[in-house]
Amino acid sequence: QDDEVNRYVGTVGRTLQQRTQRRDMPYSYRTLNANYINAYTFPGGAMGVTRGILVELQDESELAALLGHELAHVGNRDILIASVAAALATDRKSVV
């Protein structure tokens, strides 16, 4: 883990979260030591951005767009919706 990179990603994320519909979430931001290109949102507002995607970004505005996308997942409650859908699918399989 690189503390300086984590601080930078966190600073950009915290700036954006002030403009979201769910400002009350305990957001956190981490850089993940992985070479592949991806970003994740976890339950509770935790976000992870891989080193692989960071090296592809051209400037801070692209990082802001990436984190804004992840913040939208939290705002839309996408993780909750996916979890409920998976639980319902599992329940249907056990009934059949």
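**Exercise 1. Locate Thr41 and decide whether Thr41 counts as buried or exposed.**

Thr41 is found in strand E2, where strands (E, at least two residues) and helices (H or I, at least four) are DSSP runs numbered from the N terminus. The model is predicted, so that local features need pLDDT of at least 70 and side-chain atom pairs count only at pLDDT 80 or more, while totals for chains, interfaces and linings use all residues. Residues are numbered from 1 along each chain as its sequence is written, and side-chain values use heavy atoms, with hydrogens and water left out.

Buried means under 20% relative accessible area, exposed over 50%, and partly exposed in between, with a 1.4 Å probe and protein chains only. Because its relative accessibility is 15%, Thr41 counts as buried. The side chain of Thr41 is also joined to that of Glu70 by a polar contact of 2.5 Å, a term for a pair of N or O atoms within 3.5 Å, of which, within protein, one must be able to donate a hydrogen and the other to accept it, residues adjacent in sequence counting only if both atoms are side-chain atoms.

**Exercise 2. Describe the two faces of E2 and the pairing of E2 with E3.**

In a regular strand the side chains alternate between the two faces of the sheet. In E2, Ala39 and Thr41 form the covered face, whereas Tyr40 and Phe42 form the uncovered one. E2 and E3 run antiparallel and are joined by 4 bridges, where pairing requires that DSSP find at least two bridges between two strands. Phe42 has Ala46 of E3 as its bridge partner. The two strands form a hairpin with 3 residues between them, and Gly44 in the turn has a positive phi of about 85°.

**Exercise 3. Check the span of helix H3 and find which of its residues are buried.**

The expected span is 1.5 Å times one less than the number of residues. For the 16 residues of H3 (residues 60-75) this gives 22 Å, and the end C-alpha atoms are 22 Å apart, which agrees. The buried residues of H3 are Leu63, Leu66, Leu67, Glu70, Leu71, Val74 and Gly75. Their cover includes helix H1 (3-17), strands E1 (28-32), E2 (39-42) and E3 (46-50), and helix H2 (51-54).

Leu67 touches Val9, Val12, Gly13, Leu16, Tyr29 and Val49, not counting residues up to four places away in sequence, with contact meaning heavy atoms within 4.5 Å.

**Exercise 4. State where model confidence is lowest and highest.**

On the pLDDT scale, the predictor's confidence in each residue from 0 to 100, the protein chain averages 83, and 77% of the residues score at least 70. Confidence is lowest in helix H4 (residues 78-95), at a mean of 53, and highest in H2, at 96.
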